[in-house]
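Please find my comments on this entry below. They are meant to be read beside the sequence and the coordinates.

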Amino acid sequence: MEMDIEKRTLRRITWRIVPFIMILYLIAYIDRVNIGFAALTMKEDLGFTASMLGFGAGIFFLGYFLFEVPSNLLLDKFGARKWFTRILLTWGLITMAMALIEGPKSFYALRFLLGVAEAGFFPGVLYLITQWYPVRHRGKIMGMFVLSQPLAMMVAGPLAGALLGMDGVANMHGWQWLFIAVGLPAVLLALPTYLYLPDNIDKVKWLTDKQKN
C-alpha cells in the first residue's frame, strides 16, 4: 500500500512539473546556442572580428558565474515560482534587446547582462528536483530533464536557418529576427510560470495530505 501511494504521488508530481521545466530548459538552451548562428551574418553587418565574437560569447559565462550563487540564494528566499518568473522575463527581454546591437560595446554589455539574468536557472532546477523527489529517484528525473538539450539542438538549427533567411524583412537583418524570436518565448512564458509552478509542497492542491506527507 505504501509503495502504491509513493508511485502514484511521484507519477503525479512528474507529470505536473517535469514537462514544464523541460520546456523552459529547451528555450534556455536554444537561447544559449543562438549566438553561434547569429554570428554567421552579424559579423559582416556589424564589422565584428572573430575575437570580438569570441569575447562576446564568453563574457556571458562570466556574468553567469559571478551571479550563480547569489541567484540561488534569492531563489531560496523568494521561491521557485517568483524567481523563475524573474529569470525568464529578464533573459527574454535582454535577448530581444540584442537585436538593437550597434557595435562591440553594446554587444559585450548585453551578453554579460544575459549571463547575469540567466544565472541560477539550471542549478535552480536541480534545487527544485531535490525538494520534490527522494534521492533514489533524482537520477531518473535528471535524465528526463536533460533530454531537453538534444531536443533543443534539433530545433535550434532549422529555426535559426529560417530566421536568418528573413534578412531584409521589415528592414531588419536575419540575426535581429533571430534574437527577437528566441527571446520572445521566454517573455511569454513568464506569466504562465508564475501561475503554474508551485513554490513548495504544502501549497499545492493536486496532492492529498497523505501524499504530501
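The points below go from the basis of the model to the fold, the surface and the salt bridges.

1. Basis. This is a predicted model, in which local features need pLDDT of at least 70 and side-chain atom pairs count only at pLDDT 80 or more, while totals for chains, interfaces and linings use all residues. Residues are numbered from 1 along each chain as its sequence is written, and side-chain values use heavy atoms, with hydrogens and water left out.

2. Secondary structure. The protein has ten helices and zero strands, and its pattern along the sequence reads α-α-α-α-α-α-α-α-α-α. Helices (H or I, at least four residues) and strands (E, at least two) are DSSP runs, numbered from the N terminus.

3. Extent and contacts. The C-alpha trace spans about 65 × 35 × 25 Å along its principal axes. Of the contacts between residues at least 6 apart in sequence, 80% join residues at least 24 apart; a contact means heavy atoms within 4.5 Å.

4. Burial and surface. Of the 213 residues, 43% count as buried. Buried stands for under 20% relative accessible area, exposed for over 50%, and partly exposed for what lies in between (1.4 Å probe, protein chains only). The accessible surface comes to about 11000 Å², and carbon and sulfur atoms account for 68% of that area. Areas come from the Shrake-Rupley method with a 1.4 Å probe; for residues, only the protein chains shown count as cover.

5. Charges. The protein has 20 positive and 14 negative charges, whose mean positions are 8 Å apart. Lys and Arg count as positive and Asp and Glu as negative, with His and the chain ends not counted. Each charge is placed at NZ of Lys, CZ of Arg, CG of Asp or CD of Glu.

6. Salt bridge E6–R136. The structure holds two salt bridges, each defined as a side-chain nitrogen of Lys or Arg within 4 Å of a carboxyl oxygen of Asp or Glu. In one of them, E6 pairs with R136, with 2.5 Å between the closest N and O atoms. E6 lies in helix α1 (residues 2-46) and R136 in helix α6 (residues 135-145), so this pair ties together parts that are 130 residues apart in sequence. E6 is partly exposed at 21% relative accessibility, whereas R136 is exposed at 61%.

7. Salt bridge E118–R32. Here the closest N and O atoms are 2.8 Å apart. E118 belongs to helix α4 (residues 104-118) and R32 to helix α1, so the pair ties together parts 86 residues apart in sequence. E118 is buried, at a relative accessible area of 0%, while R32 is partly exposed at 22%.
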